[in-house]
Amino acid sequence: MPKIFPKDFLWGAATSSYQIEGSLDADGRGPSVWDTFAARPGAIEDGTDGRGACDHYRRYRQDVGLMSELGLQAYRFSIAWPRIQPTGRGPGNAAGLDFYDRLVDALLEKGIEPYVTLNHWDIPQALHDAGGWPARGTVKAFVDYAEIVARRLGDRVASWCTHNEPWCISHLGFVNGEHAPGDKDLHRGILTSHHLLLSHGLAVPVIREHAKPGADVGIVLNLVPGFPASNSPADADALRRFDGMFNRWYCDPLFGRGYPQDVVDDHIHDGGLPEGSRADALPFVHPGDLEAIATPIDYLGINYYSRAICRGPEEGNAERIIAEPPEDIKTDMGWEVYPDGLRRLLVDVHQTYRPKALYVTENGAAYATPPSDDGRVHDTRRLNYFHGHLGACHDAIAEGVPLAGYFAWSLFDNYEWAFGYTKRFGLVWVDYDTQERIPKDSARWYRDVIAAGEVLDVDGYGDSRGDS
Ligand code: FCB
């Protein structure tokens with residue numbers, strides 16, 4: 001059966017500011033927490049930072065040309081907050097705003113829909129120094145920033161996202177210290193999650209007020225469907241716990257259910273909240289906060305890469321373990337390739353929370369496949385990854401999920417956070433020395449998929465010289 005998508009399904013690709021722009025000192029940009037974190041010895045696998053990246057800040061026109069050649073209908077990118085407000089407060093920096101203004105115009109000229117994310121992690125360092133996400137004052141700072149950007153771009157941008165992956169900021173940034181700012185403090189992570197959600201909810205009406213009528217405003221979550229390693233009660237509890245901390249802690253309040261008590265109990269157990277804490281009376285949740293967080297959104301964006309197999313504590317081992325996937329189906333990130341997890345996740349979210357619309361705002365795989373002697377990049381494993389996951393999207397639509405579009409992660413190989421330049425997710429190969437771009441086999445396939453509106457067979461696209 002051919003897997004044909006609805007006519008108005010939106011096909012895109014995604015990137016983020018710190019990962020591709022470079023030019024960190026240009027035009028009055030202030031430092032972000034990622035500049036500072038990347039400078040910490042040992043924080044980044046290859047010791048690099050985002051200063052070179054894809055040099056997109058200077059090459060954006062050429063890059064938009066490439067997007068057009070690939071037939072992209074939408075481009076999801078993020079605004080670097082420190083380009084707009086170098087210290088996170090005060091009036092907008094004209095040169096920074098001008099850059100995104102030009103980018104938006106360049107996209108629209110080519111008929112590509114700009115899909116703007118306001119916070120893809122690079123909060124100004126000065127704002128972090130003044131308290132950052134664990135401090136309630138940052139909520140207002142974010143709403144002010146959102147207003148500055150919406151006032152400037154709102155006449156042309158019809159798709160808005162407040163935050164990208166609040167779990168990653170809260171948990172990787174503040175609880176296990178793998179991301180900027182590198183804290184290890186569960187309580188600060190919990191405060192961060194609340195302030196991210198609250199600032200999202202308060203920004204939604206502000207963006208709507210300044211954006212063109214009918215503009216869509218939403219948020220992007222990285223959701224991970226969990227599966228128990230066995231039928232044991234310990235594994236069932238590991239799954240409950242994982243799903244609570246990762247998925248429900250964010251989805252429940254966004255869709256009007258408040259924070260889940262079982263996750264509050266887990267947080268108490270782990271020392272992040274005081275004994276006796278109640279989900280409906282958390283001291284940092286002020287009257288009106290939950291209503292604000294649950295402000296209706298136009299869509300929910302889901303970033304999906306893999307699933308989690310959850311295993312409970314083993315005899316004599318208090319740690320809860322996420323089981324390792326088999327070696328042969330892992331990407332370079334060590335993540336299992338599991339397309340049906342995406343179908344299941346989309347169906348579950350649709351049935352549980354009923355968002356008006358859903359987008360897959362990121363999905364992709366890291367494989368380092370270099371160019372072959374013929375100068376092309378035969379990334380057969382990535383091709384297969386996209387083939388499987390787009391099939392899963394199609395299956396979800398067939399099951400009634402209002403999935404409105406798909407964004408491949410990523411348009412380019414880029415700076416993969418704590419992994420530096422060691423992981424390549426791009427549809428397009430980037431030579432970081434010369435800044436040459438080579439669309440990979442997966443990009444040629446994706447271009448044809450977009451043109452056909454159908455999940456095409458991968459035969460004839462890969463090549464054994466690559467990584468099949
Ligand atoms: C997501 C991030 C994105 C990229 C991919 C691989 O968590 O949103 O920036 O790093 O993972």
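These are my notebook entries on what I looked up in this predicted model.

**Ground rules**

I number residues from 1 along each chain as its sequence is written, and since this is a predicted model, local features need pLDDT of at least 70, side-chain atom pairs count only at pLDDT 80 or more, and totals for chains, interfaces and linings use all residues. Side-chain values use heavy atoms, with hydrogens and water left out.

**Entry 1: the whole chain**

I started with the inventory: the chain has 15 helices and 13 strands. Both are DSSP runs numbered from the N terminus, helices being H or I with at least four residues and strands E with at least two.

Next I checked the radius of gyration, which is taken over C-alpha atoms; the globule rule is 2.2 Å times the number of residues to the power 0.38. For 468 residues a compact globule would come out near 23 Å, and the chain has 21 Å, which agrees. Along the principal axes, the C-alpha atoms fill a box of roughly 65 × 55 × 45 Å.

How much of the chain is buried? I get 61% of the 468 residues. Buried means under 20% relative accessible area, exposed over 50%, and partly exposed in between (1.4 Å probe, protein chains only).

The accessible surface is about 17400 Å², with 51% of that belonging to carbon and sulfur atoms. Those areas come from the Shrake-Rupley method with a 1.4 Å probe, and for residues only the protein chains shown count as cover.

I also looked at contacts, meaning heavy atoms within 4.5 Å. Of the contacts with a separation of 6 or more, 77% are between residues 24 or more positions apart.

**Entry 2**

I went to β10 (residues 358-362) and found five of its five residues buried. Two strands pair if DSSP finds at least two bridges between them. Strand β7 (residues 299-303) runs parallel to β10, with four bridges joining them; Ile302 has Val360 as its bridge partner. β10 also pairs in the parallel sense with β11 (residues 403-409), over three bridges. There Val360 stands opposite Tyr406.

The C-alpha atoms of Leu10 and Gly405 are 4.2 Å apart, although 395 residues separate the two along the chain. Leaving aside neighbours within four places in sequence, Leu10 is in contact with Gln73, Ala74, Tyr359, Ala404, Gly405, Tyr406 and Phe407. Leu10 counts as buried because its relative accessibility is 18%.

**Entry 2: the three-stranded sheet**

I found an open sheet of three strands in the order β6-β8-β9, with mixed pairing. Its edge strands, β6 (226-228) and β9 (321-322), each pair on one side only. β6 and β8 (residues 308-311) run parallel and are joined by three bridges. Pro228 has Cys310 in β8 as its bridge partner.

**Entry 3: a covered helix**

Why do I call helix α8 (residues 166-174) largely enclosed by the rest of the structure? Because nine of its nine residues are buried. Trp167, Cys168 and His171 are among them. The cover over the buried residues of α8 includes strands β3 (113-119), β4 (159-164) and β5 (216-222), and helices α6 (125-129), α9 (186-210) and α10 (233-254).

**Entry 4: His389**

Buried or exposed? I checked this for His389. His389 is buried, at 0% relative accessible area. His389 is found in helix α14 (residues 380-398). Not counting residues up to four places away in sequence, His389 touches Tyr304, Tyr305, Val337, Tyr338, Pro339, Leu342 and Asn363.

Most residues other than glycine have a negative phi, and most peptide bonds are trans.

- Ala180 and Pro181 are joined by a cis peptide bond, with omega about 5°; Pro181 is in the loop between α8 and α9.
- Trp409 and Ser410 are also joined by a cis peptide bond, with omega about 5°; Ser410 is in the loop between β11 and β12 (428-430).
- Ala53 has a positive phi near 45°. Ala53 is in the loop between α2 (33-38) and α3 (56-69), and counts as buried at 3% relative accessibility.
- Trp417 has a positive phi near 50°. Trp417 is in the loop between β11 and β12, and counts as buried at 3% relative accessibility.
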